[in-house]
Amino acid sequence: MFAVIHDTFGEPADVLTARETARPAPAAGEVLIRMVLSPIHNHDLWTVRGQYGYKPPLPGAIGGSEAVGIVEALGEGADPALLGKRVAAAGVHGTWAEYFTAPAGGVVPLPDAIPDTAAAQLIAMPFSALSLLQTLKVREGEWLVQTAANGAVGKIMVALARARGIRLLSLVRRDAAAEELRAAGVENVLSTEAPDWKAQAKTLIGEAGAVSAIDSVGGAFGMDLVDLLGVDGELVVFGTATGAPLQLSTGDLITKHVTVKGFWGARVSQEMATDTRMALFGELLGLATKGGLPLDSGGVFALAECREAMSAALTPGRSGKILLRP
């Protein structure tokens with residue numbers, strides 16, 4: 001089969017190549033999936049760089065961790081009803097290939113109403129965002145602040161917060177990005193390019209401050225977010241778009257009793273109770289079926305165009321997720 005492979009760690013556009021490799025066979029409890037579309041996530045790029053929580057064995061590592069596809073074969077013990085079904089799979093390895101394997105119990109059969117472009121990115125980011133929202137202290141009517149609001153998770157969080165009645169302040173780093181979100185109907189958007197953005201944010205949130213804040217940028221934004229939190233607020237680190245170490249104010253942490261913690265969706269998903277996971281998946285599928293999740297495509301590239309695809313995935317201001325196809 002054809003696959004996108006790296007033999008060393010490094011910048012994705014430099015180390016990835018598309019070439020022939022052996023087609024995998026499903027082990028007991030697994031299914032073989034023929035890939036239809038597979039997204040390029042930020043954590044996929046960090047994995048290729050060798051700077052993520054999971055490091056694939058080298059050489060010959062196939063990239064990618066999520067896809068939509070058709071179940072082509074079953075391993076021993078896999079549910080026969082899955083054969084031929086269109087499914088979404090995430091939290092797996094090697095989806096940037098014509099075929100990949102996944103645990104049969106972890107794939108999600110999809111209704112026809114969800115298009116492939118949305119189905120390909122239905123689980124990893126939306127499920128992580130919903131799982132994160134589920135763990136936060138913020139409740140209906142209270143304020144949540146997020147950075148990187150124009151990214152995939154940021155746009156998804158807008159939809160999820162709206163559905164749950166949570167008041168959301170969305171921060172972006174460019175005025176143009178703020179205008180794009182406002183044009184799409186997103187409320188309470190501020191660009192940190194504005195000199196007085198923090199004063200605007202405090203006026204909007206009110207004297208009590210926000211209950212929770214999500215950082216996906218890193219660097220000095222940590223101090224800004226803690227400044228916007230109220231007493232006993234929480235700052236959850238979800239990602240780092242800049243790669244810069246998070247900066248925090250000791251004084252604010254002490255006087256506000258702020259809690260700072262990380263969130264890794266892969267671990268949370270593994271440790272989550274089955275009934276909770278199924279309930280959250282049901283919520284996601286309901287929103288996606290109604291078109292309530294912003295799962296847009298910023299472009300589709302063939303596996304053979306993997307280097308061009310990686311460059312596109314790293315280009316700021318793209319309209320949606322870059323996807324790979326066979």
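## Helix H8

Helix H8 spans residues 221-228 and is mostly covered, with 6 of its 8 residues buried. Buried means under 20% relative accessible area, exposed means over 50%, and partly exposed lies in between (1.4 Å probe, protein chains only). Helices (H or I, at least four residues) and strands (E, at least two) are DSSP runs, numbered from the N terminus. The buried residues of H8 are Phe 221, Gly 222, Asp 224, Leu 225, Val 226 and Leu 228. They pack against strands E9, E10, E12 (210-215) and E13 (229-237), and against helices H7 (197-205) and H9 (250-256). Contact here means heavy atoms within 4.5 Å.

## Basis of the values

This is a predicted model: local features need pLDDT of at least 70, side-chain atom pairs count only at pLDDT 80 or more, and totals for chains, interfaces and linings use all residues. Residues are numbered from 1 along each chain as its sequence is written, and side-chain values use heavy atoms, with hydrogens and water left out.

## Nonpolar cores

A nonpolar core is a set of buried Ala, Val, Leu, Ile, Met, Phe, Trp, Tyr and Cys residues joined through side-chain atoms within 4.5 Å. The largest one has 50 residues, and Leu 144, Leu 160 and Leu 293 touch the most other members. Helices H3 (116-119), H4 (124-135), H5, H6 (175-183) and H11 (274-289) each supply at least two residues of this core, as does strand E10.

Leu 160 is in contact with Pro 126, Ala 129, Leu 130, Leu 133, Leu 284, Leu 287 and Leu 293, leaving aside neighbours within four places in sequence. A second, separate core has 30 residues, including Ala 67, Phe 301, Ala 313 and Ile 322.

## Second largest pocket

The second largest pocket has a volume of about 170 Å³. On a 1 Å grid over the protein atoms alone, a pocket is an open set of points where a 1.4 Å probe fits, with protein on both sides within 12 Å along at least five of seven lines; lining residues have an atom within 4 Å of a point. Grid points are joined across faces, edges and corners, and the volume is the space filled by probe spheres set on the points.

Helix H5 (152-164) and strand E10 (167-172) each supply at least two lining residues. Among the lining residues are Val 158, Arg 162, Arg 167, Glu 187 and Asn 188. By class, the lining has 5 nonpolar, 3 polar and 3 charged residues. Ala, Val, Leu, Ile, Met, Phe, Trp, Tyr, Cys and Pro count as nonpolar, Asp, Glu, Lys and Arg as charged, and the others, Gly among them, as polar.

## Ser 38

Ser 38 is in strand E3 (residues 30-39). Ser 38 counts as buried because its relative accessibility is 0%. Its side chain reaches the backbone oxygen of Glu 66 at 2.6 Å. The Ser 38 side chain also makes a polar contact with the side chain of Thr 95 (2.9 Å). A polar contact is a pair of N or O atoms within 3.5 Å; within protein, one must be able to donate a hydrogen and the other to accept it, and residues adjacent in sequence count only if both atoms are side-chain atoms.

## Backbone features

The peptide bond from Leu 58 to Pro 59 is cis, with omega near -5 degrees. Pro 59 lies in the loop between helix H2 (42-49) and strand E4 (61-62).

Ala 148 is not a glycine, yet its phi is positive, near 50 degrees. Ala 148 lies in the loop between strand E9 (143-146) and H5. Asn 188 has a positive phi of about 55 degrees and is not a glycine. Asn 188 sits in the loop between H6 and strand E11 (189-191).
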